[in-house]
Every structure is written in structure tokens, then in C-alpha cells.
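Please look over the sequence and the model before reading on.

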Amino acid sequence: MEEVDVEPVITNIPAASHGKHLGFAWGPGDILLFETLYKASGSAGSGCAFIHEVRKDEDIYSPILRKLFNESHHIFVGLQTIREDLPSKNKKPQFVSISKNYRSVIRACMEELQQVAVSTKDAQVAMQYGNQVSILLAIELIWNLCEVLFIDAAPAGSLLLHLLDWVRLHKADVDEKARDVLQSESPAEHHDYWDVVMSYVLQGRLDEARQMLMKQANLQPAARNIYKLMDTLLSKMPFYNPGGNQTLTEFDVKWRHWHEEVDRCLQDSSFASNKHLEIICKILVGDEDTLLAHKDLLSTWYHFLVTRLLFCHPTVKPTELHYYAQSCLTMFLDSRSVPEPLDSILLAAFEFDIHQVIKDCSIALNNWWFVAHLTDLLDHCKLLQSHNLHFGSNLREFLLLEYASGLFTHHSLWQLAVDYFDNCPEFGRVYLELQIERVPLDTERKALKVLRICEQRQMSEQVRSICKVMAMRALRNNRLGSALSWSIRAKDAAFATLISERFLQDYCARGTFSDLDLIDNLGPAMLLSDRLTFLGKYREFHKLYGEKRFGEAAKLLLSLMTAKIAPRSFWMTLLTDALPLLEQKEVIFSANQTYELMFCLEELTSTLDISTPGGDRPMQEEDLELTKVELLRLALARNLAMAIVKEGTVET
């Protein structure tokens with residue numbers, strides 16, 4: 001697992017032309033490093049390589065956009081809890097609400113990015129944030145249109161009202177201009193006055209247009225009648241009310257009567273004396289040349305589309321949209337200009353080609369966030385059921401897997417990705433198992449987080465792998481308690497044995513145990529390996545001895561040797577521990593127990609061959625061992641005599 005997190009190796013590949021080289025390497029964060037320039041100097045051809053770093057998804061490293069990922073994660077998780085058995089009619093309001101929640105998160109991030117872009121003094125940072133604002137603007141524009149057409153599925157009549165709201169939301173510069181005009185000393189004489197009036201009319205905001213026109217009418221008493229006529233026309237324009245009693249047919253008849261009245265005013269040259277009011281009248285009648293003459297105020301073909309529908313086809317049906325959208329795009333754009341990717345995406349939406357929208361967004365946008373979440377929502381709306389990919393996974397799952405895999409390259413966002421993988425029934429678990437092994441275990445806290453995720457999902461292989469890595473790291477840092485804890489968690493008997501040996505060596509060297517709390521609370525875990533069992537029991541002997549429970553301590557010490565739990569190399573230490581018990585005034589070891597201790601001592605001395613001088617060990621060490629053996633023999637003989645006398649006295 002640790003090998004995955006090392007620095008990637010750079011491979012140099014010579015290019016075709018002399019003196020140029022190309023190198024690349026993939027790291028854990030989908031980072032491509034490549035050599036773009038190689039200057040040879042001198043006959044040897046040595047030079048300096050220029051390495052550029054390319055990230056697949058830069059957005060996850062933006063602190064503001066991380067809020068977008070975090071907030072949308074909560075919305076995504078909530079969406080997955082909507083019951084499948086509910087009728088579609090009952091779920092539609094929930095889906096629309098969830099879609100609005102996603103858009104509110106996008107807008108909040110967009111506003112924050114805009115503030116930072118304006119306030120920063122670094123031109124490069126300002127440009128970077130400005131680019132991100134542009135991308136989020138496009139994302140929200142597309143999402144909002146998809147919400148209107150697919151999720152809310154607005155019918156004829158309501159459809160135009162939704163599209164008007166869509167345009168107004170994304171064409172807010174008229175409000176800024178209006179503020180400037182109204183805050184001036186003489187609004188009617190402001191240079192942007194008529195632009196604001198025209199913009200209000202083009203967006204169907206007729207009440208605001210009327211209020212603005214009143215300021216001009218007050219300045220021109222002689223022209224008051226034609227301003228009053230225009231005010232009447234604007235006030236009488238009918239708008240469909242979805243919640244009212246009026247049918248769509250009744251509304252259509254009423255609208256046609258109004259349209260004919262406007263047309264008569266135009267034919268009668270009622271506004272010939274005022275070019276601005278005449279232009280407004282032409283807009284109201286839906287004159288295409290007049291609308292196209294105001295491209296600068298409309299600014300986009302889709303604004304032109306909605307305005308054209310408002311004044312020509314207010315009862316447009318969803319199935320008719322594609323025809324009007326295509327013609328407006330053709331009319332609005334210059335014949336020499338090529339449609340932008342955004343234009344193609346919006347056009348595909350108006351054509352109700354959901355899959356083309358998702359495909360084009362996947363290509364045009366710089367991350368998977370948008371397509372993954374939108375596709376998931378559309379899938380819950382049962383709008384993507386017919387589309388499966390040729391390699392097994394459906395479109396929703398494929399995009400969620402791609403998005404979540406990108407999150408896993410970030411040091412903290414990887415935790416969000418787990419929920420996305422959990423909600424991919426076909427390949428989610430496989431992806432999670434592969435990705436979780438790439439998370440660098442920088443700290444124990446992070447390792448515990450990863451471990452908890454794996455344990456909750458019964459990912460036993462990953463649990464063992466993580467525990468082994470952490471145990472080995474702790475052992476290298478001589479943190480024996482932590483190493484033992486991780487090896488127990490991994491249920492790794494061999495590693496637990498190795499660490500137990502280290503504990504015993506440490507005890508022999510220092511005379512005390514480290515990490516007493518852990519050893520004292522091993523419980524059933526001590527049964528993982530014989531050596532760990534011995535470590536736990538040996539520590540228990542020390543506790544009994546410290547509590548002056550000498551009889552129990554003696555019995556436990558002897559059982560460790562006779563039951564062969566204690567390693568042979570540790571027998572001398574155990575026998576030395578028995579010396580203070582043998583020297584007590586009161587007899588602790590019985591005659592039989594003393595015989596067993598004598599047998600263990602003789603067996604040990606015969607195998608170690610310390611009774612005869614010579615060998616490989618230093619003289620001092622041999623003398624020390626011989627002294628211990630003699631002391632033990634003397635103490636055992638004395639204890640045996642006392643035990644025999646005591647036991648004989650009791651029997652008689």
C-alpha cells in the first residue's frame with residue numbers, strides 16, 4: 001500500500017527530432033509530468049529539462065469550490081433516500097426542490113468566487129477565479145434549463161413563464177443599469193435610460209418598463225397621450241396563470257386580441273412621433289428585424305428565442321421548442337461564426353436530447369461534478385432508463401464512478417467519494433476497494449478513518465492491509481504498543497508474535513514494560529498467538545507479585561514453564577523471577593512445585609551447556625549465568641527442605 005504513495009518515476013522518451021526529449025509519469029493524483037524543452041549545451045549534450053505539471057482536475061484544489069463539493073454531497077445523499085416505491089407524481093416536487101438546492105449551492109459558490117476575484121490584487125488569481133465564475137455560470141444556466149424542460153417538465157403556457165424566469169435570472173445586468181439610472185439626478189435623461197426600458201420589455205418585465213416610462217412621460221407633457229397609449233398596451237398584455245381558472249385556449253384567444261390591437265397601433269402610426277415608443281411597439285408585435293437590431297441588449301440567441309416566443313408564440317409546446325431554437329440560433333449568429341460548445345449544449349436541451357447534453361457537457365466542462373450530479377437526478381426521474389453503456393455499467397454509474405475517483409485524489413475530499421461509490425450498485429464496491437488502497441495513511445487518525453470505512457463494509461482484505469502498514473510503521477518508529485494494537489486489529493498472528501518478542505527483549509534490557517495499559521487490557525486478544533499469550537500472562541504474574549499474592553504468582557509462573565507457553569530463551573528470566581519467592585520466610589512453592597522448578601533448571605542448563613566453561617560467550621557472561629544457576633540450585637534445595645518439613649508436619 002505504501003509503494004503506491006511514493007513519488008512517481010519519470011520516464012524519458014527521446015523525440016524524433018535531435019536534442020528534444022519527452023518524459024511522463026502518472027502519480028496518485030492523476031498528475032502528468034512531461035518534459036517540454038531540452039536544450040543541449042556543449043559537446044556532451046547535457047541540458048536542463050523543463051518539467052510541467054498537468055492536473056486532470058484542478059477544481060478540487062480550490063478552497064471555494066470544495067464548498068460546492070461538500071454541500072452537493074449532502075444533497076446527493078439525501079436524494080438517494082427517496083423511496084423508489086412512491087408514485088412519480090408524488091416525487092416530482094421533491095426532485096424539483098432538490099434541483100433548486102443544487103442550483104443554490106452553485107450560485108453561492110459563484111458569488112463567493114466573484115467577490116474574491118474582485119477583491120484580490122493578484123491579476124493571475126483574479127483571472128483564475130474569473131474563469132471559474134464563467135464555468136459555474138454556464139453550469140447553472142444549463143442545469144436551470146434542464147430543470148425546466150426535463151425535471152419540472154413544464155407544459156405549454158407554463159413553459160414560457162419558466163423560460164422567462166430562466167432568462168431573467170441569467171441576464172441580470174439590466175438591474176445594475178436600472179440602479180444607476182434611478183440613482184442619477186434625472187433618470188429620464190440618463191444615457192442608459194432607453195436601454196433599461198427596452199431590456200425590461202425584452203424580458204417581459206412590463207410593470208417595471210411602465211414605471212420607467214412614467215418618468216419620461218412626466219418630462220414630456222405634450223407627448224403624454226402616446227405614453228398613456230403605450231402604458232395601456234403594456235398593462236393589457238395577458239400572461240398565462242397556471243393556477244387560474246382560465247384554460248390555455250381561452251388565454252390564447254385573449255392574447256391574439258391583444259396582439260391584433262398592438263398591430264393596429266403600429267399600422268396606424270400611433271407612435272410615429274416617438275421613435276423609442278415605436279420600437280417598443282414593434283417589439284411587442286414580435287417584429288424579428290427589430291428584435292435582431294437589439295442584439296446588444298439580448299446578447300445571446302437563447303434570450304432572443306425566449307423574447308420571440310413571448311411576443312409571437314406564448315403557448316409554445318415543449319415538442320415545438322427545437323424548431324424555434326434552431327431558427328433563432330441561425331438568425332442570431334453571424335453566418336461566419338461557429339456555435340460555441342455552450343450553444344450546442346443548450347440546443348441539444350431544447351431538442352430534448354438528454355444524452356447529447358450529458359455527452360457535450362462531459363467534453364466541454366473541466367470536471368465531472370456537473371454531469372455526475374445532473375445525470376443522477378435525471379436517472380431518479382426515470383429519464384435515462386433506456387441508455388446503458390456497452391461495457392456493462394449504466395450512464396449514471398459510469399459518471400458517478402469517474403467523479404468519485406477524482407475526489408479520491410484529494411487529501412480530504414476522498415471521504416465524500418465513499419458515499420458515491422456506495423450508491424453505485426454494480427461497480428462501486430470494486431472501485432472503492434481499489435481507491436481506498438491509494439489513500440496515503442499520513443497519520444493514525446486518518447488511518448482509523450479509512451479503517452472504519454473498510455470495517456463498516458466488511459472489506460477484510462483492506463482492513464488487514466491497513467493494519468499491517470500501520471503496524472510496520474509503528475514498529476519502525478519503536479512504538480511497540482501502537483504496533484501491537486494494529487497487529488491485533490489485523491488478526492496477524494505472526495506479526496503479533498514478532499512484536500511480543502520485541503516487548504520481551506525490551507523488558508530484558510530495561511527491566512520494565514512499556515505500554516502497560518495495552519498489555520493489561522489484552523483480554524481475549526492475547527490468544528492470537530502463543531507469544532502474545534505469554535506476554536499477557538507474564539505481565540499478570542508481575543501484577544500478582546506486586547499485589548503480594550505470592551501463591552497465585554508462583555502457580556502462574558510455574559504453569560508458564562511447564563505448559564511450554566514461555567519460550568525456552570526466557571526460562572532463565574522466569575527462574576530468576578522465582579528467586580524472591582523462594583527466599584520468602586513463608587514457603588510459597590510446594591515440594592512438587594519445587595521439583596518441577598528443579599527439573600526445568602536442569603533441562604535448561606543441559607541444553608544451554610553453561611555448566612562447563614568455554615564456548616563462544618564472553619567470560620563475564622558465563623560467570624554471571626553460572627552464579628545464577630548456583631543461586632537457584634541453593635534456593636531450590638533450601639525451599640525443598642522447608643517444603644518437605646512443612647508438608648510432613650501438616651500430615652502428622
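In which loop does Leu333 lie? Leu333 is found in the loop between helix 14 (321-332) and helix 15 (341-350). The model is predicted, and its protein chain holds 30 helices and 4 strands. The points below begin with the chain as a whole and then turn to single places in it.

**The chain as a whole**

- The protein chain has 652 residues, of which 45% count as buried.
- Among the contacts in the chain with a separation of 6 or more, 61% are between residues 24 or more positions apart.

**Leu333 and its surroundings**

- Leu333 counts as partly exposed because its relative accessibility is 22%, while the term buried is kept for values under 20%.
- Apart from neighbours within four places in sequence, Leu333 is in contact with Pro339 and Asp343.
- Between the C-alpha atoms of Leu333 and Trp301 there are 7.2 Å in space, although the two residues are 32 residues apart in sequence.

**The largest pocket**

- The largest pocket has a volume of about 530 Å³.
- Its lining consists of 23 residues, and Leu137, Leu169, His170, Lys171 and Ala172 are those that lie nearest the centre of the pocket.
- At least two lining residues of the largest pocket come from each of helix 2 (88-119), helix 3 (123-151), helix 4 (158-170), helix 5 (173-183) and helix 13.
- Helix 3 contributes the most to this lining, with 5 residues.
- By type, the lining of the largest pocket comprises 10 nonpolar, 6 polar and 7 charged residues.

**Glu140 in helix 3**

- Glu140 is located in helix 3.
- Is Glu140 buried or exposed? Glu140 is buried, since its relative accessible area is 1%.
- A polar contact of 2.5 Å joins the side chain of Glu140 to the side chain of Arg107.
- With neighbours within four places in sequence left aside, the contacts of Glu140 are Arg103, Ile106, Arg107, Met110, Leu169 and His170.
- Two of these contacts, Leu169 and His170, are also named among the residues nearest the centre of the largest pocket.

- Leu297 belongs to helix 12 (residues 295-298).
- Leu297 is buried because its relative accessible area is 7%.
- Not counting residues up to four places away in sequence, Leu297 touches Lys171, Lys177, Asp195, Met198, Ser199, Leu202 and His303.
- The C-alpha atoms of Leu297 and Tyr200 are 10.0 Å from each other, and the two residues stand 97 residues apart along the chain.
- Ser299 is placed in the loop between helix 12 and helix 13.
- Ser299 is partly exposed, as its relative accessible area is 38%.
- The phi angle of Ser299 is near 70°, which is a positive value in a residue other than glycine.
- Thr307 is part of helix 13 (residues 301-312).
- Thr307 is buried, given its relative accessible area of 1%.
- A polar atom of the Thr307 side chain lies 2.8 Å from the backbone oxygen of Leu202.
- Once residues up to four places away in sequence are set aside, Thr307 touches Leu202, Leu291 and Leu298.

**Ser269, a second residue with positive phi**

- Ser269 is not a glycine, yet it has a positive phi of about 55°.
- Its place is in the loop between helix 9 (248-267) and helix 10 (275-284).
- Ser269 counts as partly exposed because its relative accessibility is 44%.

**The buried side of helix 20**

- In helix 20 (residues 428-436), the residues Gly428, Leu432, Gln435 and Ile436 are buried.
- Why do they lie on the same side of helix 20? They do so because they cover an arc of only 95° around the axis.
- Among the elements that cover the buried residues of helix 20 are helix 18 (395-407), helix 19 (414-422), helix 21 (444-456) and helix 22 (460-476).

Terms used
Residues are numbered from 1 along each chain as its sequence is written. This is a predicted model: local features need pLDDT of at least 70, side-chain atom pairs count only at pLDDT 80 or more; totals for chains, interfaces and linings use all residues. Side-chain values use heavy atoms; hydrogens and water are left out. Buried means under 20% relative accessible area, exposed over 50%, partly exposed in between (1.4 Å probe, protein chains only). A polar contact is a pair of N or O atoms within 3.5 Å; within protein, one must be able to donate a hydrogen and the other to accept it, and residues adjacent in sequence count only if both atoms are side-chain atoms. Contact means heavy atoms within 4.5 Å. The arc is that of the directions from the helix axis to the C-beta atoms. On a 1 Å grid over the protein atoms alone, a cavity is a set of points where a 1.4 Å probe fits but cannot get out, and a pocket is an open set with protein on both sides within 12 Å along at least five of seven lines; lining residues have an atom within 4 Å of a point. Grid points are joined across faces, edges and corners, and a volume is the space filled by probe spheres set on the points. Ala, Val, Leu, Ile, Met, Phe, Trp, Tyr, Cys and Pro count as nonpolar, Asp, Glu, Lys and Arg as charged, and the others, Gly among them, as polar.
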